[in-house]
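Dear colleague,

Please find below the structure that I am handing over to you.

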Amino acid sequence: MIKMSARALAAAALSVLPLLAAAPAHAKAPADVLTLADGIQRLPLAAESREGYERTKFKHWVDADKDSCNTRAEVLISESRVPATVETGCKVTAGEWYSYYDGVTVAAPGGLDIDHMVPLAEAWDSGASQWTAARREAYANDLTAERSLVAVTAKTNRSKSDQDPSTWLPPLADARCTYAADWVSTKLRWGLTVDKPEADALTELASDCGQQPIEYEPAPAA
């Protein structure tokens with residue numbers, strides 16, 4: 001599924017209603033739809049290298065549309081299951097978020113991290129080291145694809161850190177097929193590779209996920 005720029009449109013409405021913002025609607029853009037197993041087969045296999053990686057090479061939590069809401073705030077507003085309470089300066093202070101990694105519902109945004117589905121370091125290892133700074137910034141603030149960024153409990157995000165599915169999976173077993181699909185669709189969207197342990201782990205996951213669908217739209221060219 002694709003998260004439209006409705007995130008940005010909803011945030012812009014805060015200038016009129018600064019104390020309360022409703023979560024924007026999601027809609028699908030044209031996307032490539034296939035099964036998880038097929039998606040894994042499309043991922044190029046390559047060795048990984050973290051040489052030269054620095055987190056600062058991915059400028060993130062920017063306010064790309066200059067509406068006073070940075071990327072973190074946009075995700076919080078979009079993913080809240082109830083209208084998020086938003087104060088002056090786009091400070092999100094309350095809402096209701098479901099962290100699908102562990103099945104926990106959170107009411108205070110301070111308990112949430114915004115997870116890059118494919119962590120920045122993993123993206124670097126998998127091809128982003130060759131990107132321009134502008135493309136890395138676009139990756140780190142991808143508000144167009146729904147699962148590129150996801151609000152989850154800080155505990156699970158920090159447990160995951162920069163690991164791939166060969167070494168970390170969501171603690172909630174029922175979330176793992178969705179997680180694998182989100183991971184693969186993000187890598188396909190951005191043209192990233194997988195290494196063999198990662199591919200093997202994903203393939204094993206897919207064997208238990210039936211016809212789990214994935215869909216993605218390639219990221220715009222730099």
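The notes that follow concern salt bridges.

This is a predicted model, in which local features need pLDDT of at least 70 and side-chain atom pairs count only at pLDDT 80 or more, while totals for chains, interfaces and linings use all residues. Residues are numbered from 1 along each chain as its sequence is written, and side-chain values use heavy atoms, with hydrogens and water left out.

A search of the whole structure finds ten salt bridges, each defined as a side-chain nitrogen of Lys or Arg within 4 Å of a carboxyl oxygen of Asp or Glu.

One of them joins glutamate 122 to lysine 187, with 2.7 Å from N to O. Glutamate 122 belongs to helix α4 (residues 120-125) and lysine 187 to helix α7 (residues 176-190), 65 residues apart; helices here are DSSP runs of H or I with at least four residues, strands runs of E with at least two, numbered from the N terminus. Glutamate 122 is buried at 2% relative accessibility, where buried means under 20% relative accessible area, exposed over 50% and partly exposed in between (1.4 Å probe, protein chains only). Lysine 187 is buried at 0%.

Lysine 187 also forms a salt bridge with glutamate 198, at 2.8 Å between the closest N and O atoms. Glutamate 198 lies in helix α8 (residues 196-207), so this pair ties together parts eleven residues apart in sequence. Glutamate 198 is buried as well.

Aspartate 182 pairs with arginine 147 in a salt bridge of 3.3 Å between the closest N and O atoms.

Finally, a network of salt bridges links Arg50, Asp125 and Asp162.
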